[in-house]
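Let's walk through this structure together, moving from the contact between chains to single residues. Please keep the sequence and the model open as you read.

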Amino acid sequence: MPTEFDWLLKGRCYKLGHDVPHAGGVVPNRIITGRHFDPKEIVPYLFEETDPGFHERCKPGDIIVAGRNFGMGPKMNGYIAMQALGLGLVCESMPFLAYRAAVGCGLRVMTDCVNATEMCETGDELEVDFRNGFFINKTRDIRREYPPVPDGLLELIELGGNTGWLAQWWKSQQDEAAAG
Amino acid sequence: MGMTAVEKTLAAKSGRTSVAPGDVVYPDPDFIMIHDGVVMGAARELDALGINRLAAPDKVVMVTDHDVIYGSARAAERGAFNRQAARRWGVKNFFDVGRGGHGHIFPMESGMLLPGMFYFDNDRHSTNAGAIGAFGFRMGTEISRVLATGTNWVLVPHTVRLRIKGALKPGVHARDIGFRLAMLLEKGVLAADLDYRVLEYAGDLDQFDLAARAALCSSPTEVRAYGVFVPPSEAVLAHARAKAQHPFTPVYADADAKYEADLELDVSSLEPQVALPGGVQNAVDIREAAGTKIDHVFLGSCGSGMYSDMETAAALLRGRRIAPHVRMFIAPGSEASTRRMAREGLLEIFIEAGAVMLPAGCGPCNDAVVGPVHSGEVSISTATNNNFGRFGAKDAQLYLGSPATVTASAIAGKIIDPREFSL
């Protein structure tokens, strides 16, 4: 397991409202129906319909804070872009299969963070520890504890999601076989 | 503390004495199902990583149900790819075109899927397993990890219990319960969120045969239930024992199991329901939709594709013809059903009535690969859902009803209460 993985993100808040759907709200529907899974093809269109140019303004470590029912539809495309940009995601709630898709992309994500959108505004300076469940708004001097990433999913996210996990698993199988 | 049916099943399959909602477990499945449309994606993902063998080829069940008759060159290419994948992976349980049928139906009929079992599936309608007292969990594209390693992480879901009270009136069907239930949940009359929950039925369930139990699993899935469970009746156990391909141990919830919510639904005065276009939750009593002229009818799908659904339709169509302006497609759930329909005269009834028989499988309900609707047309079907564009033009009007309602409507040429026909 890589030791350098950073579970603590320090960056700016990017706040979204409630009920943001994946199609249209996160990435344009054509990215989903066109089955684009290469981050290079998705990144330029992250939040394109609501905030064109987002990908140029955000920085690694920035944290998206969304309201209830974020990312409806079990789609991965937007999370692939968020992960590639080094962003984190904090939601008041998201449908489970959307959460599963985000974890499967290796995104640092915490859900069931009650009233998280009331704790911050876009541009605030945040520190979020996804492993231990700490949410700190340095601009407003607010500190909250939220459900962290479950222990059972840490390795999956550290390895970059499903594909990274499978690659590592296969390598360990091959190494074991070679060692006899 | 006691456990619900899904908790007991996941504990048993994960080698633990108990589990609770929120635990992450790695169940050892009884089998792993992959449907025709996603084999190529999974194979390419594994190939790119150099993974050239499956963890348990003997457990893998490949089914051909989403695009059975190859309406395009691309589908034929996919079929050839799947055949080759089955060979190189050593998958013996490969149900090719015209073999097996609908992956969410024929395993229950044939004794492959039995009470107490657990399996992984790429498709979310694996919730149908609850009809026989088993669980099938949807993995989506993560089925590739299950194929490679034999399992995947599962977050133990919460369970919501629904107690059914009373008996259905004649002419009212288990699908009608599902439509009504979706509406009551959507409107908050029944207070529960089914997102990633298991819906466990209780109460007056002996009235439901296996087909009705599959119907009970359908609509909850459309309002995001991850699993549905109908505790097997003596009749269901008798069917399972008669057909069983493997030993099995039925699972029932403990008496002191903890439920996230406890709901009750009295079905004794329920009327036939119609889901208005846009979603299963748009259910109304049939009189509110009666008289709507229709162009297209489909009988089949995970929710209404079992033999007794076909019998319901045949009883109405015997000696009658569908309206001249209506086209009706019928997709049985299994090849075994099709053969039995031939033996028992149902095929003749359907063909004489002017319906079009499709091969066992999903029919139009999968992305309109067969029998789609055109812009502005009106359809009534037993499809799993009627979201806009489910099978064809986005501005077509898709209604849902029970097998009896859609068949009666095909005869009348308009939406009609099936009780208006004497059998």
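How many residues does the contact take from chain B and how many from chain A? The contact takes 13 residues from chain B and 12 residues from chain A, where two residues are in contact if their C-beta atoms, placed from the backbone, lie within 7 Å. Before going on, a note on reading the model: it is predicted, so local features need pLDDT of at least 70 and side-chain atom pairs count only at pLDDT 80 or more, while totals for chains, interfaces and linings use all residues. Residues are numbered from 1 along each chain as its sequence is written, and chains are lettered from A and ligands numbered from 1 in the order in which they are written.

On the side of chain B that touches chain A, helix H5 (residues 143-149) of chain B gives the largest share, 3 residues. Helices (H or I, at least four residues) and strands (E, at least two) are DSSP runs, numbered from the N terminus. By class, this side of chain B has 6 nonpolar, 3 polar and 4 charged residues; Ala, Val, Leu, Ile, Met, Phe, Trp, Tyr, Cys and Pro count as nonpolar, Asp, Glu, Lys and Arg as charged, and the others, Gly among them, as polar.

Now turn to chain A, which has 8 helices and 7 strands. Its radius of gyration is 16 Å, close to the 16 Å that the globule rule gives for 180 residues, so chain A is as compact as a globular protein of that length. That radius is taken over C-alpha atoms, and the rule is 2.2 Å times the number of residues to the power 0.38. Along its principal axes, the C-alpha trace of chain A spans about 55 × 40 × 30 Å. Of the 180 residues, 41% count as buried: a residue is buried if 20 or more other C-beta atoms lie within 10 Å of its own, exposed if 12 or fewer, and partly exposed in between, with C-beta atoms placed from the backbone. Among contacts in chain A with a separation of 6 or more, 64% come from residues 24 or more positions apart.

Why is Glu118(A) classed as exposed? Because it has 11 other C-beta atoms within 10 Å.

In chain B, helix H9 (residues 307-317) is mostly covered, with 8 of its 11 residues buried. Those buried residues pack against helix H7 (210-222), strand E14 (296-299), helix H10 (335-343), H11 and helix H12 (403-412) of chain B. With helix H11 (residues 346-353), H9(B) packs at an angle of about 50 degrees, the axes being 9 Å apart. This makes H9(B) oblique to H11(B), since angles under 35 degrees count as roughly parallel, over 145 as roughly antiparallel, 65 to 115 as roughly perpendicular and the rest as oblique. Met310(B), Ala314(B) and Leu317(B) of H9(B) meet Leu346(B), Ile349(B), Phe350(B) and Ala353(B) of H11(B). The residues of this contact divide into 7 nonpolar, no polar and no charged. Just after H9(B), Gly319(B) takes a positive phi of about 75 degrees.

Finally, find Leu237(B) in helix H8 (residues 234-243) of chain B. Leu237(B) is partly exposed, because 16 other C-beta atoms lie within 10 Å.

Note on methods. Axes fitted to C-alpha atoms, helices over the stretch in contact; angles between N-to-C directions.
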